[in-house]
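Hi everyone, thanks for coming. Let me walk you through a structure that may be new to you.

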Amino acid sequence: MGDRSGIQNQQIIRLVDLEKAYRQSDGGRKVLRGVNAVFAAGEFVAIRGRSGSGKTTLLNLIAGIDLPDRGEIYFGSTSLSGLTADQRTAFRRDHLGFVFQFFNLIPTLTLRENIILPAELAGRSNSTMLNRADALLARVGLEGREDDYPDELSGGEQQRVAIARAVILEPEVLLADEPTGNLDRNTGEDVMQLINQLRTELGTLLILVTHSHRLADRADRVFMLEDGRLDTHVTA
């Protein structure tokens, strides 16, 4: 796996005065109110908040899946708001990895095929990527199961495959949305340890969205999202 130790502490993501509201039948509901933050390479950042506080909304903005009503998101010197929808899709593919609560594996694809899918979408599917997919399966404890299908796995095993898929292209940023929320406590601990180990090996910025004190305590910095504002003074 790659070594990005030389870019530790380099700013990767900068959030500037983000605002976001959603229209409802009784008017608009403002979810984010002037959010500002800076995240660095190799950092583990946790964003906590109650259900409905806007954590996933913020993650979607960082990923360029959605756009803010006001403010800017910078990835290095690139403003995501300045990109077209197609350009943002390509940007996500090339720079970001995702781990979701519900795994999102494709049931008709083998484990190897699920892991290598991001490389295929990026036009980078080759023997090197196939070998990397198999190496990642071994790394997450599923060696020899390359040709199995997701429904043959436990929930924890499926999440391990999803993690391998998320890092196949060695992304600069890994976004994790409640990655242990669908797992029992012990399995969740193992999965979180694996995510943390892989992001350390790759030098990847990890942004974890969670409501859990226990998971957030692993992070280098902890933010609290409350009343649409991101408290940058909460520390683990």
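Which residue in S8 does Leu-174 stand opposite? Leu-174 stands opposite Leu-206.

Before going on, a word on the source: this is a predicted model, where local features need pLDDT of at least 70, side-chain atom pairs count only at pLDDT 80 or more, and totals for chains, interfaces and linings use all residues. Residues are numbered from 1 along each chain as its sequence is written, and side-chain values use heavy atoms, leaving out hydrogens and water.

Strand S7 covers residues 173–177 and strand S8 residues 205–210; they pair in the parallel sense over 5 bridges. Two strands pair if DSSP finds at least two bridges between them. Strands are DSSP runs of E, at least two residues, and helices are runs of H or I, at least four, numbered from the N terminus.

Zooming out, 6 strands make an open sheet with mixed pairing, in the order S6-S7-S8-S3-S9-S10. S6 (96–99) and S10 (229–231) are the edge strands, each pairing on one side only. From one strand to the next, the twist averages 20°.

Now to helix H5, residues 155–167, which lies across S6 and S7 and runs at about 170° to S6. Angles here run from 0 to 180 degrees between N-to-C directions, with axes fitted to C-alpha atoms, for helices over the stretch in contact, and contact means heavy atoms within 4.5 Å.

Why call H5 largely enclosed by the rest of the structure? Because 10 of its 13 residues are buried, meaning under 20% relative accessible area with a 1.4 Å probe, protein chains only. Among them are Gly-156, Val-161 and Ile-163. Their cover includes S6, S7 and helices H3 (111–121), H4 (127–139) and H6 (185–202).

Conventions. Buried < 20%, exposed > 50% of the residue type's maximum accessible area, 1.4 Å probe, protein only.
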